Amino acid sequence: MSSQTLSKGGIALDKHLRLPLTILSPATFALALAWMAFEVGPYWDVAGPDIKYFWLAGEFWTAGLTPYDKAFTARLTEITGINGGAGAWNYTPNWYFISAALGQMDLLTASRLWLVMNAVMLLGASALNAAAFRPMGENSAVLAPAAPINRLAAILPLLVLFFLHGAYMGLSQPAGKTLELGQSSMLIYFGLSLLIWSILRERLYAGAAGLAIVMLKPQFGALIVTVLLFSTLGRRITFVAAIVSILMALPAFLVSQPLELASDLLHNLGHYDGQIFNTAASTTGLRNLVWTLGGDDIGMMSYQLMALAFIACVAAFLYLRRGAPPRTIDMVMFAVAAAHVFAPYHYYDFVLMGVLIYFCASLRTAPALICMAAFLLIMRAGNLPNLPSLQGEGVMAYGGNLYMTLAAGMILIVILRELFRKPAQPTA
């Protein structure tokens, strides 16, 4: 059978799939919205544990107090019942405006507003990912324009792409847990989606805004900055985002002197590992994998530095090797995948992997199928049985952490394979 015949068959199949996808995607999206409402409904009248951190920090800051001291930890223990250890507030001062805004209202109102904002940001991020799908192929050196998903995407309405992406995210357990706990991962996911869209559109200030949001989680943002520094646009975005982040933190420096604030933050971070929800058993990535296999825990910071070193070395090698340098969008996607393999996060942070869905689907057919299987695993990893070896008295372990880490590893291997793959030679 000739390649021309196969091509015509593929185009015919794409056209046959267009109608059912156009019809089914809104229904699937509606199901995802209903599922999200079902999951977060019980928390409408009960503030999640993590929103209490942000809200209380806002109360402290606007009262002219620092959330980095023992008084904050003691007050947090009162309202959450969670022992924060030596220092509970481990967030950077660029959180000031967000926390201060939440601190202006009562806790339940702040929690409800945060829930609604997170749901809106989830949908907004899916809209950005759908809008970035088509220009991604033109800006990437590893995607396959002739891959079935790309041919199909070319004839699908943009709204269908949004529905499909939003449906996956709405049904995913990391997104549900983020909404339930009142975590910040959805905000970071929105910022990352905005950054990626901006890179593809070459929008400097929108990209800087996205990166400034991502830097609210500096242990992730620093890994993205590492690859951005290798490109001209990336350096410009990083420079403007740094100015924005400093401006966001300035009011906190009026409450605490910069050196005092930095010292208190480092002190709190030094006790971060000791909290039960930050142990090797409770986090994801290589740290969790080593612990599962019986290895000793060397601490979160060691794995964070390992992630930084790995990403920096791969990026430097790819930019210095002969031939055309890698594209910025490819390197950002690589950094997202590598971060979730090497750095110790929590399973709700895997909402950030949502930016990789359409990128991975646009690879060659076999690598794309491997990635889609991994995304299905991430989506409902909590439904898989917990391993007996993860159980133990006083151990806070979640089997989904291990499964999602392995899925992220599969995706990282595929992306690395495509980045290092020798480009096909043109045929005569």
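Colleague: Taking contact to mean heavy atoms within 4.5 Å, which residues of α18 and α19 meet?

Modeller: This is a predicted model in which local features need pLDDT of at least 70 and side-chain atom pairs count only at pLDDT 80 or more, while totals for chains, interfaces and linings use all residues. Residues are numbered from 1 along each chain as its sequence is written, and side-chain values use heavy atoms, with hydrogens and water left out. On the α18 side the residues are P367, I370, C371, A374, F375, L377 and I378, and they meet Y403, M404, A407, M410, I411, V414 and E418 of α19.

Colleague: At what angle do α18 and α19 pack, and how far apart are the axes?

Modeller: The angle between α18 (residues 365-379) and α19 (residues 399-420) is about 160°, and their axes lie 9 Å apart. Because of that angle, α18 is roughly antiparallel to α19 (over 145 degrees). Helices here are DSSP runs of H or I with at least four residues.

Colleague: Switching to α10, how many of its residues are buried?

Modeller: Eight of the eleven residues in α10 (residues 204-214) are buried, meaning under 20% relative accessible area with a 1.4 Å probe. They are L204, G207, A208, G210, L211, A212, I213 and V214.

Colleague: And what covers them?

Modeller: The cover over the buried residues of α10 includes α9 (185-201), α11 (218-228) and α12 (232-255).

Colleague: Now the loops: where does S362 sit, and what is in contact with S362?

Modeller: S362 is in the loop between α17 (357-361) and α18, and it counts as buried because its relative accessibility is 1%. Leaving aside neighbours within four places in sequence, S362 is in contact with F133, L143, A144, A147, I149 and N150.

Colleague: Is Y347 buried or exposed?

Modeller: Y347 is buried, since its relative accessible area is 18%, and its place is in the loop between α16 (328-342) and α17. With neighbours within four places in sequence left aside, the residues in contact with Y347 are P174, K177, T284, Y398, N401 and M404. M404 is also among the α19 residues that meet α18.

Note on methods
Buried < 20%, exposed > 50% of the residue type's maximum accessible area, 1.4 Å probe, protein only. Helix = DSSP H or I, 4+ residues; strand = E, 2+ residues; numbered from the N terminus. Contact = heavy atoms within 4.5 Å. Axes fitted to C-alpha atoms, helices over the stretch in contact; angles between N-to-C directions. Parallel < 35°, antiparallel > 145°, perpendicular 65-115°, else oblique.
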